[in-house]
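This report describes the ligand site, the pocket and the cavity of one structure. Please view the sequence and the model first.

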Amino acid sequence: MYVYLNDRLVPRSEAVVSVFDHGFLYGDGVYETMRCYDGVVFMLDEHLRRLARSASMIRINLPADSDSLKLMVYETLQANKLRDAYIRLTVSRGYGPIGLDPELCPSPTLVIMAEAMKQYPAALYENGIRVAIPSVRRNLREALNPEIKSLNFLNNILAKIEAAQGGAYEAVMLNASGALTEGSISNLFFSKGGVLCTPSIECGILDGITRGIVLELAVKEGLTVKAGEFGREDIYSAEEVFLTNTTMEVMPVSGVDDARYAVGGITRLLHKAYRQEVKAYVEHMKAQGPSIWGYDE
Ligand code: PMP
């Protein structure tokens, strides 16, 4: 396995970062998770745009422009001979003496890792996963805005630990005002009376790329969509619940705390539409001809 580290590909054993890296010392950095389908990285432009936004929100200058980053992502995939892959691109504040001042780190550290895609078990898509609402609240927007996709993941990890203790697969957090936000690694949707609901960005969530696509697809499918503020009672009384993210796509939820749901028609419809959207995207990219931006024979 090869890893892209700063300016070149190195074997996995040489892919090491200093203990003085502020990503390690302070969780000071940003990242993106992407998925490659049949040699094409899905929504690569959108992921790089969000990376740039996250970096700018914590005042990190990305070490390369978007075109160079694309090239590096595809070089990493090619070096590892991967066509269906999980990709993680991390940019940390970089190497510097101990201390919080960003000026201590002259250059950010860039890491791109790609691994063969490990699919979630089919049974989870058939039966849905169990979710808990933990006592841990989502970070305040005014403290650490969840729109920043940062390396600082303790809020999500604490929520996940609590959910896992109760046997749940994912934790859906409330914000400080008691409104639903998102999962530890996913966005939340639920339907009731034919209306598809999802917490709005203002509730304090990451604006998931999958969430954005699912919202567009839902409108195309003629569903009524409502992004807003909802409480835990809204989800307990929902008919269908599902989660979205880049790797799981659309994951049905079978229960939130003591509430139970069947895997319903809206969830299935949107997952099917999402897969079609991915297929169309991959075909579109391949039709551009073999190029470094997409499929390469
Ligand atoms: N919320 C959080 C906290 C996440 O970590 C993720 C995964 N990146 C998501 C939502 C879903 O985002 P996306 O659809 O862009 O993968």
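The largest share of the lining of the largest pocket, 3 residues, is supplied by α6. Here helices (H or I, at least four residues) and strands (E, at least two) are DSSP runs, numbered from the N terminus. The model is predicted: local features need pLDDT of at least 70, side-chain atom pairs count only at pLDDT 80 or more, and totals for chains, interfaces and linings use all residues. Residues are numbered from 1 along each chain as its sequence is written, and side-chain values use heavy atoms, with hydrogens and water left out.

A pocket is an open set of points on a 1 Å grid over the protein atoms alone, with protein on both sides within 12 Å along at least five of seven lines; a cavity is a set of points where a 1.4 Å probe fits but cannot get out, and lining residues have an atom within 4 Å of a point. The largest pocket has a volume of about 670 Å³. Of the 37 residues that line this pocket, Tyr31, Thr33, Lys149, Phe153 and Ile185 are the closest to its centre. Elements that each supply at least two lining residues include β3 (29-37), β5 (85-92) and β6 (109-116).

The space taken by the ligand is this largest pocket. Around the ligand are 18 residues, the closest being Arg50, Lys149, Glu182, Thr210 and Thr246; a residue is near a molecule if one of its heavy atoms lies within 4 Å of it. At least two residues of this shell come from each of β9 (180-183), α6 (209-220) and β13 (240-245).

| Residue | Protein atom | Ligand atom | Distance |
|---|---|---|---|
| Glu182 | polar side-chain atom | nitrogen | 2.7 Å |
| Ile209 | polar backbone atom | oxygen | 2.8 Å |
| Thr246 | polar side-chain atom | oxygen | 2.6 Å |

Taken alone, the ligand exposes 400 Å², of which the protein buries 95%; accessible areas come from the Shrake-Rupley method with a 1.4 Å probe.

The count comes to 1 cavity of 30 Å³ or more. The largest cavity has a volume of about 30 Å³, and its lining consists of Phe42, Met43, His47, Ile209, Thr210, Ile213, Thr246 and Tyr274. Here too α6 gives the largest share of the lining, 3 residues.

Notes. Polar contact = N/O pair within 3.5 Å; in protein donor to acceptor, adjacent residues only side chain to side chain. Sits in = over half its atoms within 2 Å of the grid points. Points joined across faces, edges and corners; volume = space filled by probe spheres on them.
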